[in-house]
Amino acid sequence: MSDVEMPLAVKHEQDETHVSSNPVTDDGNIDNSNSDSDTPLQKRKRPLARKNVIKEEDEDDEDIESSDSGAPFVKRTRPAVKRKSYNDDDSDNNGSYGSPSTSKKSSRSSTSLSDGQNDSSSDSDVPLAAKKKIVPAKSNGSAKKNGTNGTSRTKAVPKYKEESSESDSDTPLAKKTSTKKTAPAKSVAKSSATKVKKEPDTVSSHKAKASDNSKSKKRGKDEPDNKDKVKKVKKEEEEEEDPNAWWLNQNDNDNENEDDSVKWTTLHHNGVLFPPEYVPHGVKMKYDGKPITLAPEVEEVASFFAALLYTEHAENPTFQHNFFKDFKKIAKAHKTVPEITSFAKCDFTQIYDYFQLEKEKKKNITKEQKQAIKDEKQALDDQYGICYLDGRKEKVGNYRIEPPSLFRGRGKHPKTGCLKLRVQPEQVTLNLSKDAPIPKAPAGHKWAKIVHDDTKTWLATWKENVNDSFKYVFLAAGSSLKGQSDFKKFETARALKKEVANIRRGYMADLKDKKMFIRQRATALYLIDRLALRAGNEKGEDEADTVGCCSLRYEHVTLEKPNILHLDFLGKDSIRFQKTMEVDDQVFKNIRLFKREPAQEGDDLFDRLKTSELNKHLQSLMKGLTAKVFRTYNASFTFQDQLQKLTPKNGTVAEKLLAYNRANREVAVLCNHQRAVSKGHAAQMDKISDKIRAFKYQKMKLKRTILTLEPKLKKKRPELREPESDLEDDWIAEYETQLMEKEREKVRLKWEKENQKRKENKEKPMTEKELKDMLKEVDAREKELVKERKTGTVHGSKSATVEKCDAQLLKVDERIAATRTAMVDKEENKQTALGTSKINYIDPRISAAWCQKHDVPLEKIFTKTLRDKFKWAMTVDANWEF
DNA sequence: GCTGCCACTTAGCAAAGGCAGA
DNA sequence: TCTGCCTTTGCTAAGTGGCAGC
């Protein structure tokens, strides 16, 4: 089997590419004289229209219809921004790749497939499904019935009604809502429950599990502790009686066709929290070497930049350019003297230094001050951090209005550095139920609008000025609405699991379709499925140049005979996607066809395909299916598959966790979730190595003690004479010197502490001589160590016995193993971000079931926040399968 | 049928918090 | 108890995809 079938087998090289720097000229413009043509400020080359008729000499392609009846061949035009490959100066990476000319005339016939490649239409060639062992879900199928397949969505009629933006009530939220204890006739729990049905093995309770004593099988040494911990966590979390446990409160008789667009019946909240008004610090910036006085409004913007000095943002020419443009404007508006016209003459370091000082001060505040800050935060959380949805208390997520700042766009975002203005209450619309008291707007202000839209989950919204996009205040991740949404997402992915073999057969057949549009759709789907690519919607010219599958361009794809595909592009967040994989021969042929001359840099690879068309097709294959479901499905499937393969049956908890993280990592790699290697990574690794060496040293000493106690064991137990690896004589000598030095330091501290105590008790202090005597003991020990090194005999403590030493040896071995495991985990994890896939793509029920099955405490894999977010998933039993 | 708007999910980074070792 | 490092959380940017309106 070729590894083309397995997303995991994809070879990948990852890298991160970010902005390059161009100097900013005095007038605030970017000097491009030395840069390549890749600057975001330049126009992207408009793609040339490709010839309509494409002739392919390969027999399959000969009679492709040139004008798809289903898809009018109108070449789409993209924003006219010239886009050059971001990795122009990284040519080494591509040097060995097949040049675009490989896509020209090929002597290969369709039968010249690589070894093991079958006809793409055959079953054996159906990807993943056929190759991976797909275990049918053990559930009773209700998921399909309930999740996404069973309901027909009734179109929502938004119940919009505007009201006066004046606040009409001071009544505190809790007081008002507390009278509304009974759930409304159509509560979320009910309406959502119609889609979220009970699966017998899904809702078996943890309580039953907790009382199950059958798990008294042999445990690792650390496990009794863990068991207690599990119990403790379970108990704590069970004790928090959850009135929002919608997943337990499902009614089989609920009407499946019920309108699921209505999200709530009543919604009460306290509005949003605005950032405090700006308080000027009075620290002056320098202009042309001289301190200048700034109006508070100007000082605020200067401070935004000063706070970012020496960061990548402040070094980024686009950021500088955009900041300076806005800064100049605001400085002029406030008649700053002298007029600020040159970025190069601006010196923000004094403000930066002031912030550093403030940071230091903040570090050194008293306990009481810290507590006061904490209390203040708690009070705000109490006021704004909760709301009442259908009478039930729920957490609000981000109730703070985003403070003014400089927009920190990622990658080569053309607007990065622009001034993000302070949001006024007059821009903020609140969404709450008609019966809810309207929160008071800040003094002297009023709200933009008050709406009562029960089809929306947001509590507040406003428009930001930089990208003209909407911002929202939503419920927290652990809320019922978010939980139900998560549940639905994973149920759709599970539904895909049942359909995926058919869908794959379908798109593999479509790869040879006569219509170009269908071929492109099938090829794109193949890539989305195999490489977990994002859909790739079209983007505007005022956004960073990043792509997904449907927006891949000519220059992102390179082919290498016989069937190797290289992909290299910037994906979401300008994270580089760089992978090489073997692809199905027909996919290879198709991409070669799509890349045909006169296609050139800047041209779309899939010039007839849009994400909307792709998703429309997917909807026809399975209800609720979109491109992104493949990512969720493949992530969860891969995770479960890897967990099953990697988890050691009789391993320790540490070993099982290593397996868990490895499975998680496979998913993170599949989804291309990257992170920068932390600055201190190498030093941290060295530290762990030292720790292991120290353990080995202990082991060596114990072995020698045993042999000193029982010299006869030399023959019986030859392993006692074997030297420890990595323990050179020089290292041992140095280590022992360090040990003794630390010992002396300890003795001195002990002596000082004792004297301090005696002083307080008005007793006679210890003398210097006594200290010297104590230090002499250390000297004697050091001499002894030198002797031990020479002779190889170690006497150990007076009470030392062979049995005791053996027991200690065992313990040290365990510690070495655990530390090694942690070290391997850390090294393997340095470039990969596991969190994103864990939070968004991996069905949490897989983890919950795994924890139960392998007796691993849940809190080892999910933080409190995640346990809260996934509480709906924690009730599965050990045999639950995705 | 196309386009842009809107609502929501997904994403990495940086600050805050918490914990282990000194 | 303190310090420094690692983990967790908060923030907000950047995606996806449905749908209204032209």
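This is a predicted model: local features need pLDDT of at least 70, side-chain atom pairs count only at pLDDT 80 or more; totals for chains, interfaces and linings use all residues.

Trainee: Which residue does the side chain of aspartate 545 meet in a salt bridge?
Mentor: Arginine 553, with 2.9 Å from N to O.

Trainee: And arginine 553, buried or exposed?
Mentor: Arginine 553 counts as buried, because its relative accessibility is 2% and the cut-off for buried is under 20%.

Trainee: How many salt bridges does the structure hold?
Mentor: There are 34. One of them pairs glutamate 491 with arginine 845, and their closest N and O atoms are 2.7 Å apart.

Trainee: Which parts does that pair tie together?
Mentor: Glutamate 491 is in helix α12 (residues 480-510) and arginine 845 is in helix α24 (residues 844-854), so the bridge links parts 354 residues apart in sequence. Both glutamate 491 and arginine 845 are buried.

Trainee: What about glutamate 724, what does it form a salt bridge with?
Mentor: Lysine 699, where the closest N and O atoms are 3.8 Å apart. Glutamate 724 sits in the loop between α19 (713-716) and α20 (729-760), and lysine 699 in helix α18 (residues 681-709), so this pair ties together parts 25 residues apart in sequence. Glutamate 724 is buried at 13% relative accessible area, and lysine 699 counts as buried at 16%.

Trainee: Which residues do salt bridges with shared partners join into one network?
Mentor: That network consists of Lys701, Glu736, Arg781, Glu784, Glu788 and Arg789.

Trainee: What lies close to the phosphate oxygens, in Å?
Mentor: An N or O atom in the side chain of lysine 471 is 2.5 Å from a phosphate oxygen of DNA strand C. Alanine 627 uses a polar backbone atom, 3.3 Å from a phosphate oxygen.

Trainee: Which elements give two or more residues to that surface?
Mentor: Helices α15 (611-621) and α16 (627-646) do.

Trainee: Now the inside. Which residues touch the most other members of the largest nonpolar core?
Mentor: Leu496, Leu527, Leu533, Leu552, Leu565, Leu567 and Phe606, in a core of 82 residues. Helix α13 (residues 516-531) supplies the largest share of this core, ten residues.

Trainee: Take leucine 565. What is it in contact with, neighbours within four places aside?
Mentor: Its contacts include Leu527, Val557, Leu559, Met581, Val583 and Ile591. Lys579 and Thr580 are also among them.

Trainee: What does the second, separate core include?
Mentor: Tyr287, Val301, Phe327 and Ile351 are among its 27 residues.

Trainee: Last one, the whole chain. How many helices and strands does chain A have?
Mentor: Chain A has 25 helices and 16 strands. Of its 882 residues, 48% are buried. Among its contacts between residues at least 6 apart in sequence, 78% join residues at least 24 apart.

Key:
Residues are numbered from 1 along each chain as its sequence is written. Chains are lettered from A and ligands numbered from 1 in the order in which they are written. Side-chain values use heavy atoms; hydrogens and water are left out. A polar contact is a pair of N or O atoms within 3.5 Å; within protein, one must be able to donate a hydrogen and the other to accept it, and residues adjacent in sequence count only if both atoms are side-chain atoms. Helices (H or I, at least four residues) and strands (E, at least two) are DSSP runs, numbered from the N terminus. A salt bridge is a side-chain nitrogen of Lys or Arg within 4 Å of a carboxyl oxygen of Asp or Glu. Buried means under 20% relative accessible area, exposed over 50%, partly exposed in between (1.4 Å probe, protein chains only). A nonpolar core is a set of buried Ala, Val, Leu, Ile, Met, Phe, Trp, Tyr and Cys residues joined through side-chain atoms within 4.5 Å. Contact means heavy atoms within 4.5 Å.
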